[in-house]
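Please read it alongside the structure.

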Amino acid sequence: MSGTETERANRIDPTLAFGFTNLPDNRQREPLRIVRGKGVFIFDERGKDYIEGASSFYCTSLGFSEEELIEAAVKQMRELPFYVTAAYRSVPVVEQLAERLAAMAPMANAKVAFAATGSEANDALLKFLWYHNNAMGKPKRKKVIARLGSYHGGTIATASLTGWVKYHAGFDLPMAGILHTAQPDYVQLGAPGESEEAFADRMVADLRALIEREDPETIGAFFAEPVSVSAALALPPKTYWEKITALLAEYEIRLFDDEVVTGFGRTGNTFGAETYGMAPDCMTVAKALTSAYQPLSAVLMSEEFYEGLERGSETVGMFSHAGTYHGHPVPAAVALRVLELMEERDILGHVRAISPHFAASLAKVEDHPLVSRSRSVGLAGAVDLTKDGAEAGALGAEVAARCEANGLFIRPSGDTIVMAPPLIITPGEIDEMFRRFRLALDETL
Ligand SMILES: Cc1ncc(COP(=O)(O)O)c(C=O)c1O
C-alpha cells in the first residue's frame with residue numbers, strides 16, 4: 001500500500017464495483033447518491049435537486065415516481081410476482097404485452113422475444129441471426145457490421161458491436177466477425193463544400209467497399225440505431241437511410257434496428273425508424289419500454305425472420321434460448337401501463353408540440369462563446385463545445401461538472417453535451433434546464 005498513514009486512513013474501501021468510472025478514483029471519492037425523484041427532478045442524499053436532462057441514460061421517459069407505474073407493479077406483485085415464461089408455460093400479462101408490441105412494430109405479423117436489458121436483446125438478436133442462417137442454409141452469413149461511435153451494450157457480443165475502442169480495450173474485444181463502418185457524422189466528417197447527399201453517397205461507398213472486401217456472402221446484418229444518440233447525436237444526413245437500405249437489399253444483408261434509446265417517443269414518433277424512414281427486419285427495444293422502472297427489453301422480428309427460428313428449432317428439436325427473467329410479469333405489467341399512458345396522455349403529441357421549444361432553446365445557446373453549434377430531433381439534443389487550445393474532451397467534462405454543480409445532469413460525449421430529458425418535460429422546465437446550462441457554460445468560460 002502506498003501513501004502516508006493519513007492518506008491510507010482516509011482511503012475509501014469501496015465494495016461496489018461500478019462501471020463508467022475509473023475504479024481507483026472510487027477510493028478517493030464518494031459517489032453522488034441519488035435517493036429520490038419526482039417528474040424531471042431527482043434529489044441527492046443532502047436534498048439538492050437536479051433536472052435529469054438525460055433521463056438517466058435516456059431511460060425515464062415518463063419521469064420519476066409516476067404513481068400509475070408504481071401501482072401497476074404493485075398490483076402485479078400481489079397477483080403473481082413471478083413466473084417464468086418458458087417450457088410451454090406463460091403468464092397472460094406477458095402475452096398481452098407481446099401482442100401490443102407486435103401491433104406497434106413496423107413489420108407485418110411481428111414476433112416478440114423478451115429479455116431483461118438492451119444488451120441482452122441485441123445479444124439475442126445476433127444469436128438468432130446465426131440460428132436463422134444455419135437453419136436456412138446460409139451458414140457462412142455470420143458477420144455483422146455496426147458503426148463507429150455507436151453503443152450497443154456491455155456483453156461480449158454487444159460490447160464488440162459497440163464502435164468505441166474504450167469499450168474494447170483490455171477485454172480482448174471486439175470478437176471475431178464484428179466489423180465497423182463509419183458513423184454518418186456529417187458535422188465531423190463532412191468535407192468542405194460536400195453536400196449532405198454527397199456525404200451520404202460517400203458513407204454508402206465506404207460500406208460497399210467493406211462488404212466487398214469481406215465477401216458479401218459472409219455478412220448477415222447491419223446493426224444500427226436510426227440516429228445514434230451515443231455517437232453524440234450524429235443526425236443521419238439527407239438520403240442516408242434510403243441509400244443504405246438499397247445497398248443492404250442489393251447484398252441481401254438484414255437491417256437490425258437498435259431502438260433501445262430511440263424507441264417509444266424520443267424522436268417524436270413511436271420508433272426512430274419512422275422518423276428516418278427505415279424498414280428494419282428486426283428491432284430491439286428496452287429503456288423507455290418501462291420508463292426504466294423495471295428491467296425489460298425485447299426483440300421484435302419480422303415473420304419471415306421468425307420462420308427461420310422455427311425451422312432451426314424443428315431441426316434441433318428445441319429452441320434452446322430462454323432466460324429466467326425473459327418475460328417477467330412485473331416489468332411486463334409496467335410496460336403495458338407505460339404504453340397505455342403514452343396513449344392516454346398523448347405523449348407523442350406532447351413531444352411534437354414541445355420539441356420546437358427545445359430546439360429553439362438549444363439554438364439560443366449558440367450565442368455563447370463556448371458553443372459552436374447545436375442540433376436536435378424530438379427531445380434529443382446536442383451542443384458542440386469549442387475553445388482554442390482546449391484538450392479534447394476537457395471542455396465536455398468541465399461543463400458536465402458545472403452542470404452537476406448547478407443542478408443539471410446531461411451526458412458529455414467528448415466535447416459534445418447530449419440532452420434527452422424525460423418526455424413529460426414542460427416548457428417552464430425546459431427554460432429552467434437551459435438557465436442552469438447557461439450558468440454552467442458561463443462558469444466554465
Ligand atoms: C443504443 C443502445 N443500445 C443498447 C444499449 C444497452 O442497453 P442496456 O444498458 O440496458 O444493456 C444501450 C445502453 O445505453 C444503448 O444506448
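The protein chain is divided into domain 1 (32-65 + 346-444) and domain 2 (69-344), with bounds that come from an automatic or database domain assignment. The model is predicted: local features need pLDDT of at least 70 and side-chain atom pairs count only at pLDDT 80 or more, while totals for chains, interfaces and linings use all residues. Residues are numbered from 1 along each chain as its sequence is written.

**Domains and their interface**

- The centres of domain 1 and domain 2, taken over C-alpha atoms, are separated by 26 Å.
- In the interface, 23 residues of domain 1 are in contact with 23 residues of domain 2; two residues are in contact if their C-beta atoms, placed from the backbone, lie within 7 Å.
- On the side of domain 1 that touches domain 2, at least two residues each come from H13, strand E11 (371-377), strand E12 (380-385) and strand E15 (416-419). Helices (H or I, at least four residues) and strands (E, at least two) are DSSP runs, numbered from the N terminus.
- H13 supplies the largest share of that side, 5 residues.
- By class, the side of domain 1 that touches domain 2 has 13 nonpolar, 7 polar and 3 charged residues. Here Ala, Val, Leu, Ile, Met, Phe, Trp, Tyr, Cys and Pro count as nonpolar, Asp, Glu, Lys and Arg as charged, and the others, Gly among them, as polar.

**Nonpolar core**

- The largest nonpolar core has 126 residues, and Ala 298, Val 299, Leu 300 and Val 418 have the most contacts inside it. A nonpolar core is a set of buried Ala, Val, Leu, Ile, Met, Phe, Trp, Tyr and Cys residues joined through C-beta atoms within 7 Å. Buried means 20 or more other C-beta atoms within 10 Å of the residue's own, exposed 12 or fewer, and partly exposed in between, with C-beta atoms placed from the backbone.
- Helix H12 (residues 329-344) gives the most to this core, with 8 residues.
- Because domain 1 and domain 2 both give residues to this core, it lies between them.
- Beyond its neighbours within four places in sequence, Ala 298 has contacts that include Leu 101, Val 112, Phe 114 and Leu 289.

**Helix H12**

- The 16 residues of H12 should span 22 Å at 1.5 Å a residue, and its end C-alpha atoms are 22 Å apart, which agrees. The expected span is 1.5 Å times one less than the number of residues.
- Among the buried residues of H12 are Val 330, Val 334, Arg 337 and Met 342.
- The cover over the buried residues of H12 includes helix H3 (67-79), helix H4 (92-104) and helix H13 (347-364).
- Asp 346 follows H12 and has a positive phi, near 45°.

**Ligand shell**

- The ligand is surrounded by 15 residues, of which the closest are Thr 117, Gly 118, Ser 119, Gly 153 and Val 260; a residue is near a molecule if its C-beta atom, placed from the backbone, lies within 6 Å of it.
- Helix H5 (residues 118-135) gives the most to this shell, with 3 residues.
- The shell has 5 nonpolar, 8 polar and 2 charged residues.

**Backbone features in loops**

- Leu 173 and Pro 174 are joined by a cis peptide bond, with omega about 5°. Pro 174 lies in the loop between helix H6 (156-161) and strand E6 (178-181).
- Asp 172, found in the loop between H6 and E6, has a positive phi near 60°. Asp 172 counts as exposed, with 9 C-beta neighbours inside 10 Å.
- Phe 20 has a positive phi near 55° and sits in the loop between helix H1 (5-10) and strand E1 (34-38). Phe 20 is exposed, with 8 other C-beta atoms within 10 Å.
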